[in-house]
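Biologist: I would like to learn how to read a model like this one, feature by feature. Could we go through it together?

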Amino acid sequence: MAKKEIDGEGLDIPNRIKALPVRRTGPIVAAVIVALFAAMLIQGLVTNERLDWPTVWKYLFNENVLNGVRYTLELTVISMVVAIILSVILAVMRKSINPVLRGVSWFFIWFFRGTPVYTQLVFWGLFSVLVPKLSLGIPFTDVSFWSIDSSVVVTAFNAAWIGLALNEAAYLSEIVRAGLEAVDSGQTEAAEALGMGRTLIMRRIILPQAMRIIIPPTGNETIGMLKSTSLVLAVPFTYELQFATNAIANRLYKPIPLLLVACIWYLFITSVMMVLQARLEKHFGKGFDARPVGTKGKQPPYDPPYPGRSDGEQRDDVAKLNQATFTGLNA
Amino acid sequence: MADTTTPAIRAIGVHKAFGSLHVLKGVDLTVMPGTVTVILGPSGSGKSTFLRLINQLETLTGGEIDVNGEMIGYKTVERRGKQVLQTLNDKEVAAQRAKLGMVFQRFNLFPHMTALENVMEAPVHVKHMNKHEARELAAMELNRVGLGERLDYYPAQLSGGQQQRVAIARALAMKPEIMLFDEPTSALDPELVGEVLNVMRSLAKEGMTMVCVTHEIGFAREVADQVVFMDGGVVVEKGGPEIIANPTEPRFKDFLQHVL
């Protein structure tokens, strides 16, 4: 809806109406007031010396800050990717015909949604203390084929993304489930009637349609995750953006400018994410927003009509009108 | 060609209940290959349920349905010297469904795919046909229903009649031996009904075995080899298309008076 189109442009409409728009004073007054406030706000931000913009610019591209941005991005991307994969598995399990799978999924969501992510992160940080060795063997016996120290596998960075991902998966799986359930059951029936199996139907028919519904809240969650990464302090993992800027602030005794540095970066990353989200929505919206001109919102009537509108003679006429198109069938 | 002595569909004493609701109360019906059977009846008479049973979208509660002489949904196996029924697994069900094409009242096209992709979907992913061949097949089937110009349209860009014709092409692309139509024109604007009936008429002329649940009495009179009137979960009257003009059962008479 980027450019404004004139209805019936180029058509010959002799009595085309040319009228002045309605006079509205309210919007103009409101716009002036809002613009005034905005100008005051900007002036305040620029001229307030306590915000210390020179320090902001000085540290915006500081090495430690950039490093923090990198780790924050890495944590966000890795934990979201893992969470999305896990959440789809959980949501599909939740709808499974197997009660054990349903139960496991339910328990996972109950536990990871029901405890604070901060606490979970502390536990993942302590993992190598709680479980010193990871080994592969026969359960409930001493037989072990292979083992490794937990501290090698569950490093601070790994603990951070595992903790974030498991917690996020619990939330996301409910979003995914809502998306799956929103797809009309007729879709499954049509696919079954074509001989498609359950997995194929899920992958080719249901999930692509559910994506449309899943993406906007997942975008929300991703932006939430970006900021949740600051909680990995609990592991403790101390290289992400919030901690990095805070460390500098403590050294300089200047908390405000460094908070602004963090804000600018978070806002920048969020903006990039919003652009990506818009693209994804466009991709998965194909076929849904497509409507021919003039039928916007028109749906076929679903109520069965009163039986017996059929009139033999008339139908034959329609048949003849269309006959040419169907000659291929009779040949 | 299928041999002409084995019925395409044979239903014996079919019962179906949803919870405590007894929908079908012993339906017997035989459909011979190459014939068109039209099932008429008021809403709630169980005619759609019967059609859905044939395609295993519902499970039988009692009785038996054979397609081309093969029992659907179950197989007989021997357990401890006794013959018992066992439910078929997904693969076996899919194999039985492959013989049947189904067209729904609400089209159920895949909205995220174009007309061409809708028709290609099952040949590519179920029959593992290569994409190039499937594209040609799909284009041919769409051409056959008069939509050769609309290959790249999404369902939302098509009229109801066009959508239903895509749905018919989609079913035909799987080369079914029998086509099931569940009120294919009931969701259409009156002026679009004709184009869909036309395709069905042509299919019938080609010798396709068809079972149609419909309210189009004119279509039944013209195309049907067998007309079945269902009410209250049983077959009340069946015969050739001439029974529409001369119904014997009072309930059928009454129904026809309301619809004609």
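Biologist: Which residues does Thr76(A) touch, not counting those up to four places away in sequence?

Modeller: Happy to start there. A contact means heavy atoms within 4.5 Å. Thr76(A) touches Thr222(A), Met225(A), Leu226(A), Thr229(A) and Met273(A), with residues up to four places away in sequence not counted. Before we go on, some ground rules: this is a predicted model, where local features need pLDDT of at least 70, side-chain atom pairs count only at pLDDT 80 or more, and totals for chains, interfaces and linings use all residues. Residues are numbered from 1 along each chain as its sequence is written, chains are lettered from A and ligands numbered from 1 in the order in which they are written, and side-chain values use heavy atoms, with hydrogens and water left out.

Biologist: Where does Thr76(A) lie, and is Thr76(A) buried or exposed?

Modeller: Helices (H or I, at least four residues) and strands (E, at least two) are DSSP runs, numbered from the N terminus. Buried means under 20% relative accessible area, exposed over 50%, and partly exposed in between, using a 1.4 Å probe and protein chains only. Thr76(A) sits in helix α3 of chain A, residues 63–94, and counts as buried because its relative accessible area is 1%.

Biologist: What does UniProt say about chain A?

Modeller: UniProt positions are given in the numbering used here, feature names are shortened, and annotations may be inferred rather than shown by experiment. From an unreviewed entry, UniProt lists "domain: ABC transmembrane type-1" at residues 69–277 of chain A. Over that range of chain A, the model is 77% helix and 5% strand, with the end C-alpha atoms 20 Å apart. The unreviewed entry also places "transmembrane region" at residues 26–46, 71–92, 104–127 and 256–276 of chain A.

Biologist: How much helix is there over residues 26–46 and over residues 104–127 of chain A?

Modeller: Residues 26–46 of chain A are 100% helix and 0% strand, with 30 Å between the end C-alpha atoms. Residues 104–127 of chain A are 88% helix and 0% strand, and there the end C-alpha atoms are 22 Å apart.

Biologist: Which residues is Gly125(A) in contact with, leaving aside neighbours within four places in sequence?

Modeller: Gly125(A) is in contact with Ala159(A) and Val235(A), once neighbours within four places in sequence are left aside. Gly125(A) and Val235(A) are 110 residues apart along the chain, yet their C-alpha atoms are separated by 4.3 Å. Gly125(A) belongs to helix α5 (residues 117–125) of chain A, and its 26% relative accessibility is why it counts as partly exposed.

Biologist: How do I read the totals for chain A?

Modeller: Chain A contains 14 helices and two strands. Buried residues are 32% of its 331 residues. Among contacts in chain A between residues at least 6 apart in sequence, 71% join residues at least 24 apart.

Biologist: And what are the totals for chain B?

Modeller: Chain B has eight helices and 12 strands, and 58% of its 260 residues are buried. The radius of gyration is taken over C-alpha atoms, and the globule rule is 2.2 Å times the number of residues to the power 0.38. A compact globule of 260 residues would have a value near 18 Å, and chain B agrees because it has 19 Å. UniProt, again from an unreviewed entry, lists "domain: ABC transporter" at residues 9–257 of chain B. That range of chain B is 34% helix and 29% strand.

Biologist: Which elements give two or more residues to the lining of the largest pocket?

Modeller: A pocket is found on a 1 Å grid over the protein atoms alone, as an open set of points where a 1.4 Å probe fits, with protein on both sides within 12 Å along at least five of seven lines; lining residues have an atom within 4 Å of a point. Grid points are joined across faces, edges and corners, and a volume is the space filled by probe spheres set on the points. The largest pocket has a volume of about 1,100 Å³. Of its 34 lining residues, the closest to the centre are Glu192(A), Gly197(A), Arg198(A), Thr199(A) and Ile201(A). The elements you asked about are α8 (156–182), α9 (185–193) and α10 (198–228) of chain A together with α2 (90–97) of chain B.

Biologist: Is Gln96(B) buried or exposed?

Modeller: Gln96(B), found in helix α2 of chain B, is buried, with a relative accessible area of 6%.
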